[in-house]
Amino acid sequence: MTDEELLKLFGLRRHPFAGPWRDALTPSAADDECRLYAKIDGFGRALPQIHAWCLGIKDIEPETCAFVLIHGRKGCGRTSTANLIAFLILQALASKNSSSPIILEKDAVKKTLVKVPITDDSPIKPIKEAIKNFYLRLLISGVDVRKRDPDLFAEIKKDVLESREIKELGVYQDLFIRLILVLKEKGSTEYPFFLFEDLKNYAQADTAISIMQEARHIIFTTVMFTTEDSKTIDILTTKFDNQELLPGISIPLAEVASDEIVQLVGHRWAECSPDPSGPMPFEGIADVFSGTFWPIKTACSALDYVFSAHLDRLRTAKNVSTLLRIEQSFLSKSVIEYLLRGKSLGT
Amino acid sequence: MNLAVYPPRQPFPKNPAVSIRAQLSSDAPDQSTLATYPFPPYDDAERELQSYARLAKADDAGGSDRIGTTIGIKGPPGSGKTHLIYYLMQRARAELPQAYQIYVKAESSDLLDLYSRALQFLGSGPLREIHTVLLSNVAQRELVRQDPGNELKFGGVSQSLARHLIVEPNAVYNLLQNRVLSESSLLSARSGVLEGARSYFDDFLHAYSYLLHETLSDHAFDWICGRKLPFEVLQQLGVRRDIADEEMAFTGFRFLIALFSGIKRQFFVFIDQIERLIYDAEPPVREVNKGRLHTLVELANNAGGLLCLAGTTKAWDEFPGDFLERLSAPPFKMPNITTEQIFNLVTIYLHPGQMNSRYHAETDIYPFNEAAIREISKIARGNIRSILSLCNRSFEEAAKQQELVTPKLVQEAAIQLKQRFDRTDILMQAKMTIKSLGLDCTQEFTIDGNTRVDLVVPDPSDPRLLIDVSEPNFLEDEARAALRYVSMAHAVKTRWPEAKILIVEAGYMSAEVQGRLRPYLDAHIVYNPDEFPSEFAAAVEFLAKGSDPRPESRVETKVIEQQLRQILEARASDQQIITYNIRQALQDDPKMTRNRILDFYSKIGLMLVSLTVIMVVLFGITQWFQYQRNQEGLTQRREALQMTQNLWSDKDFKATLVDFYKTADSLGLKPSADQGTRLKDQLLNDYYNLQGLLLNVVQCAVAKICDPHVVCGSLGQEISSFVRTAQRYELVDSADVLTSFAEDACGISFRHAK
C-alpha cells in the first residue's frame, strides 16, 4: 500500500506529524502556519503580550534596538516563537507607513533572521559567528560586500571567514558596524534580526548586547536570545523589568503535561482529518506521558515515530482492519524506543 | 637451558627500575599467570588489597558501607617497591576489573606535575566514562524525581528510562539529544551528587562538561590534565584560568575523588617515590606536601578508594604518628634477596621468554660463573637493582671479547658503576660544550606545562635547539622513551616550527626503535665518553646556527606511534615473563637449588673444553661481521644525510611545489578556507614534508574536481612533475601515494606521463 492509501484508512488528508511540524515553525502571511502554534502554557499566556509588544514596535524611535529573551528547555518551541516574533515585528514595521494591509514575502522571516547557534562558553565566538552569518545573509539577499567595500570584505575574509582564531571583541565590533553601514547605504528597508540560540552564560548575552547596541543609531535591529541557563534568565529578566534594556520582552516557555499532549494530538488530528477519533489511544497517550512534563517537540517527535512505525506495520500486515487502532503496549514500547534512539526523527 | 651460547645482546637492564605504564590496565596478564609472592610484604599487601576488594564487592551488593584503605610500602631505593606496586595493580585488576587505577611516580616536589601525570595515566577514555556515569546517575534521580512512583499509571515511561540508564549509562546522551532531559539542569544538578562540591569546583565542572564535545573534548582533557591552553580556548570551555598552581591541582585531585565517590565506583591510586614530594622541597613546601598527602589519605578513605603510598624508609620516618595511624597497617618493608635467589634471578634474565627458568647448573648462568655471582651478592648486599646493574656492567665488559664474567670483572664493574656517567654528568658536559661555542642555554624547561626538556638553546623565549638527555633505557623503556619523543617533537613543532631537536642517548636503543624515531629528531647522538664532546659540538653548531628545521611528519605520526606501542607491548610481554619467573624463582627452596649446583660440577669438565673451542671460532666470525656492518652503516648514514641536505637546499623543488599550489588556485581548486590556509602554509613553509603535503593537496583537489579533463590540463602536468621530483629524490612512498590517489580519483594514469 502507498502512504496515501494508508493515510486514507484513517481518513487523513496528510500525515498528522509530518511537514511543518517537524521543524521550527516559521509563519508567513501567505500561509496559515500561525494556526499551527499550539496555544499552550507559557507561550499561550504570553501570546497577547507578544502581539501587543510587536505591534508597539512600530511606534518606537526608528533607530533603536529591541531585545527579546525566550527561555525554557530545548524543544519547547523557542525557535518557533522567535520566528513568530520576527514575523510580527516585520508585519508591524511594514504596515507603519501604509493604510492598507501588508502582505509580506513568503520567505520574509527566513531572509531576515540571522541565526547564531552557540556551541560553547566563549563570550566572543558568537559575535564572530553572527558576523559570518550576517555577511552570508547579505550575500544571499544580493548585497555584495566585496564590491561595495573591498577593504571590509578583505578584513572579514581574514578575520572571520578564514580565521580559526577568536580575535579581540574590538575587531568584530568594527566589522559589524561597517556591515550595518553597507546595509544602510544600500537604502534597504530590511531590518536585521539576530537570534542567539541557546546562550550558555550571561557573558555571551552581555557581549552581544554591547555590540548590537552600537548599531542602534544606524538601523533598527532586533536581538533575540534563547537560553535555559537560569543565571542568564535572571539577569536579563531583571534588566527588562528595570527597563535597562528597552524595548525588551521576556517570554517563558514551559513543558507540557500529558493532558496537554492529548489536546495537541487532537489539534493535529483535526487539522488533517474530518474524523476526530483517529487511531491514537488518547488514554494511552495520557498514561505514557504521565508523571512528568515534556518539551512539546519531544512529545510530537515521539508520536510521529509511533505513528510512522504503525504505518510501517500496516504496510506489511495481512489483515489491516485489525490494526486500525494503536495498542497501548505498542505505543509505550515505541515511545521508549524513540526516546532512547541516537538520532531524532525529522532532524 | 643447558645449551651455553653466548647471549647475542645485553640481557640485563641498564636501568633496572620497574616502569609502570598507562596501558597496564588493558593488557595486564590474567590471574592464572601470577604466582603468589612468598615474601611477607607481597603477602601482606595483597591481603590488604583482597580485604578491600571483599568489602567493595559487599558494598556493590548493598551489604556494607563504603570504606577505603591506605597501604604504605617502604624500603631503600632499588628494593623492589615499584615492583610490588606493579604486582598489586595486576591483582587489583583481577579482583575488581571495573575499578579505576592511577599510578603516578613523584619526580619532584611539584604537586601540579604529580596531578598532571596522574590524570594522563588515567586517560581521557576513563574520564569520559566517569563523567557519563555521573550524568547518568543524576539523570536517574531527575527522572524518578519527576515521576513519583505512586502517581504512575500503566505505561509511564520515565521509570523505564531510569531503569535503562542503570544498565546503559551512555543512553543519557540520547535522552539529552531527544530532549527528555534538560542539559543545563542536568549539568547543574551534578554538583549535588559530588560530595564537598563548592564554588571552587566550578571550573572543573565546566571543563568536564566538554569531555564529550564534538570539537572541544581534547581541549577539555588537556585542561583537566593541567596543560596550558590559549585564552580563547579557556573561554570556550567556560573556565577562568589554567590549572597553573599546586592549590588548583590539589582541587583537581579532590574533584576526581569526588567523581569516583559520586559514581560509587572503586578506585586505586598508587603514588610512588613519595620521598621526592618531601626531600625535593624547601621545609615550608615539605610541610604543605605532607599535609596534602594526609588530606589525600582522608579523602580516598572517605570516598571508598584504595590509596597506596611508596617511598624510602627515611621519608616514612618524616610522617607523624597520626598520619601513620590512618594506614591500614604499618608500611610494608621490602626485604633483601639471598645469594641462592640471585642465582635464579641471573638465570631468568639470561633466558628471557622461557617459562619457569631456574638455576640448575653453571651452564644456566653462562657466561657468568658461580664465583662471579657470589661476588655480585657480596657487593650488592641483596639489593635487586644493584644486582642487575652489576650484571649489566660486568656483562658489557665481558661481551666485548665474549669472555666469561669472573669475580674480577664484577669488581671492575662495581668501580665503574660508582664512576659511571649519568644524566647530570652528561648535561654538565653538554652545557660546557654549548658555552664553548659561544651560545647560551637554559636548563630544565617545560613545554606547555607538560613536556620537559633538559636544555634549550639559547633561551625558552626564542628556542632554536632543544636538547634532551635520555635516561638509560632497556626493554620496554626504550619504546616508551621513543613515544615520549614523538609527543615532544609534536609539541615543539607546534609552538616553534623553526626549532630543532637533539637527543643524547645515554642508554640502550635498538635499531628498530631508532629507525622509527629518526624522522622526528634533527639529530640523535649515542653517548660515548670519548667521542661525545666533538660529536655534540658539531651537531649543536650545525643545528643551532644553520640548517633548516625538520618538519613534523603529520601523516606518519599515528602509524609510528602505533608501531612503537606494538614494540612496547612485545617488550612488556618479555618483561612479564621475566617478572613471573623471578617471582617463581623466589619461591624455590634455596637448599634444593644448592644441591643442583653441586650436582652439576660432576659434569662440567668435559663441557668446558668443548665450549672453549666453539667460543674461539664464534668470536672470530662475529667480530668480522660486526666490522662489516659498522662500515656499511656509516656509509648509509653519510649518504642519507647528504641526500636530505640536498633536498632541503633545492630551490627548484620548492618552486615546483609553489607552482603546483598556484596552478591549483588558478583552476579554482581552492578548497575551503581552513583547508586552503593549511595547505598554503604547508606548501610554502613545509615544502619538504612531501607525503602529508601531497596527500592534502590531492585530497583537496579530488574533493573539488569534477571534470577529469581539467586534471588532464596543467594540473595534470604539475602532478606528473611532482611524481618525477619525488622519484628523483627517491621519496618512493610519497610518489606512490600521490600517484595511486590521483589515479583512483581521476581515472588518469600519471605513471605513463613520467
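Author: A crossing of two helices is left-handed if the near helix is turned anticlockwise from the far one by less than a right angle, and right-handed if clockwise. That's the case for α4(B), which passes α12(B) in a left-handed crossing (helices are DSSP runs of H or I, at least four residues, and strands runs of E, at least two, numbered from the N terminus). This is a predicted model, where local features need pLDDT of at least 70, side-chain atom pairs count only at pLDDT 80 or more, and totals for chains, interfaces and linings use all residues. Residues are numbered from 1 along each chain as its sequence is written, chains are lettered from A and ligands numbered from 1 in written order, and side-chain values use heavy atoms, without hydrogens and water.

Back to our pair: α4(B) covers residues 111-122 and α12(B) covers 246-262, and they pack at about 35 degrees with axes 8 Å apart (axes are lines fitted to C-alpha atoms, for helices over the stretch in contact, and angles run from 0 to 180 degrees between N-to-C directions). Who touches whom? From α4(B) come L111(B), L112(B), L114(B), Y115(B), A118(B), L119(B) and L122(B). They meet E246(B), A249(B), F250(B), G252(B), F253(B), L256(B) and F260(B) of α12(B) (contact means heavy atoms within 4.5 Å). Tally those residues and you get twelve nonpolar, one polar and one charged (Ala, Val, Leu, Ile, Met, Phe, Trp, Tyr, Cys and Pro count as nonpolar, Asp, Glu, Lys and Arg as charged, the others, Gly among them, as polar).

For another helix, look at α21(B), residues 423-436: α21(B) lies across β6, β7, β8 and β9 of chain B, at about 30 degrees to β7(B). Those strands belong to an open, mixed five-stranded sheet ordered β6-β7-β8-β9-β10.

Definitions and conventions
Pairing = 2+ DSSP bridges.
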